[in-house]
Amino acid sequence: MLCPRYISVSFLLFSLSLHAVNCAGPLYHFCFSQENYTANSPYGTNLNGLLNLLSTQVPSTGYGLGSSGEGQDQAYGLALCRGDVSTTNCKTCVVDAGKELDDRCPYKKGAIIWYDNCLLKYSNIDFFGEIDNGNKFYMWNVQDVENSTSFNPKVKDLLSSLSNKAYANPKLYATGDLELDSSSKLYGLAQCTRDLSGLDCKKGLDCKKCLDTAVSELPNCCEGKRGGRVVGGSCNVRYELYPFVDA
């Protein structure tokens with residue numbers, strides 16, 4: 001464990017053969033705010049309005065952010081769907097995420113949840129445009145590769161390449177593969193929330209910075225593993241020895 005909200009979760013391990021994580025269920029969540037609200041409070045009303053807004057706004061483009069209310073009762077939130085997820089599945093995921101956080105983080109003013117298909121985050125503090133280094137977790141395949149000495153550099157090469165492609169893409173998203181030998185490939189993904197700056201933004205290359213940090217953390221969890229992820233509130237990287245996104 002690197003810090004209170006960096007979790008290496010052995011109970012979330014997944015394998016190629018079993019796919020132990022249910023794709024329809026949440027991967028992980030954090031109730032990161034220490035502040036509470038009451039059901040009929042102005043913040044509670046604003047949060048409900050925000051979640052409804054995001055469930056309507058996000059599916060068409062796969063991303064949305066917004067706020068509801070003003071002053072101390074203002075609620076800020078964003079939702080992001082994986083770049084290959086359909087409009088229908090994106091909407092379903094965002095709606096489910098809001099309901100799940102209501103159950104898992106009741107009356108907390110700040111929370112985040114991840115699924116395979118989406119993430120949802122809200123807070124009473126404006127976090128837009130800031131890299132979220134506090135909410136992060138790792139997942140890895142329980143199986144080892146046969147030759148980690150040659151495998152690990154290829155994982156880094158692929159994901160570093162996808163990091164470069166993602167931050168130059170308007171959707172801050174990239175997928176790709178790398179041939180390992182005549183019968184196997186390595187598949188990867190890199191994605192940022194779109195409030196982070198991309199290639200054309202004057203304030204800096206925050207998406208690339210986030211992704212490069214995530215790639216550098218892979219040895220903490222996933223060295224020599226047949227699959228792995230570093231998943232954060234602002235970006236995530238993933239690799240597998242099987243295709244895991246729709247073409």
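Contact means heavy atoms within 4.5 Å. This is a predicted model, in which local features need pLDDT of at least 70, side-chain atom pairs count only at pLDDT 80 or more, and totals for chains, interfaces and linings use all residues. Residues are numbered from 1 along each chain as its sequence is written, and side-chain values use heavy atoms, with hydrogens and water left out.

**Figure 1. Overview of the protein chain.** The protein chain holds 4 helices and 11 strands. Helices (H or I, at least four residues) and strands (E, at least two) are DSSP runs, numbered from the N terminus. Of its 247 residues, 52% count as buried; buried means under 20% relative accessible area, exposed over 50%, and partly exposed in between (1.4 Å probe, protein chains only). Among contacts between residues at least 6 apart in sequence, 67% join residues at least 24 apart.

**Figure 2. The packing of helices α1 and α2.** Helix α1 (residues 42–57) packs against helix α2 (residues 87–104) at an angle of about 165°, and their axes are 8 Å apart. That makes α1 roughly antiparallel to α2. Axes are lines fitted to C-alpha atoms, for helices over the stretch in contact, and angles run from 0 to 180 degrees between N-to-C directions. Angles under 35 degrees count as roughly parallel, over 145 as roughly antiparallel, 65 to 115 as roughly perpendicular and the rest as oblique. The crossing of α1 and α2 is right-handed; a crossing is left-handed if the near helix is turned anticlockwise from the far one by less than a right angle, and right-handed if clockwise. On the α1 side the contact is made by L51, L54, S55 and T56, which meet K91, V94, V95 and G98 in α2. The residues of this contact divide into 4 nonpolar, 3 polar and 1 charged. Here Ala, Val, Leu, Ile, Met, Phe, Trp, Tyr, Cys and Pro count as nonpolar, Asp, Glu, Lys and Arg as charged, and the others, Gly among them, as polar.

Figure 3. Two strands pair if DSSP finds at least two bridges between them. Strand β5 (residues 111–114) runs antiparallel to strand β6 (residues 118–123), and 4 bridges join the two; I113 has L120 in β6 as its bridge partner.

**Figure 4. The surroundings of P26.** P26 is found in the loop between β1 (6–8) and β2. With a relative accessibility of 22%, P26 counts as partly exposed. Apart from neighbours within four places in sequence, P26 is in contact with E100, R104, I113, W114 and Y115. The C-alpha atoms of P26 and N117 are separated by 9.3 Å, although these residues are 91 residues apart along the chain.

**Figure 5. The packing of helices α3 and α4.** Helix α3 (residues 148–167) and helix α4 (residues 206–221) cross at roughly 170°, and their axes come within 9 Å. That makes α3 roughly antiparallel to α4. In α3, the residues V155, K156, L159, S160, S163, N164, A166 and Y167 meet C207, K208, L211, D212, V215 and L218 in α4. The contact comprises 8 nonpolar, 3 polar and 3 charged residues.

**Figure 6. Strand β11 and its partners.** In strand β11 (residues 235–240), 6 of the 6 residues are buried, so the strand is largely enclosed by the rest of the structure. C235, V237 and Y239 point one way from β11, while N236, R238 and E240 point the other way. Strand β9 (residues 184–192) runs antiparallel to β11 and is joined to it by 6 bridges, with Y187 opposite E240. Strand β10 (residues 228–232) pairs with β11 in the antiparallel sense over 4 bridges, and V230 stands opposite V237. β10 and β11 form a hairpin with 2 residues between them.

**Figure 7. Strand β7 alongside β10.** Strand β7 (residues 136–140) is mostly covered, with 5 of its 5 residues buried. K136, Y138 and W140 point one way from β7, and F137 and M139 point the other way. Strands β7 and β10 run antiparallel and are joined by 5 bridges. The bridge partner of M139 in β10 is R229.
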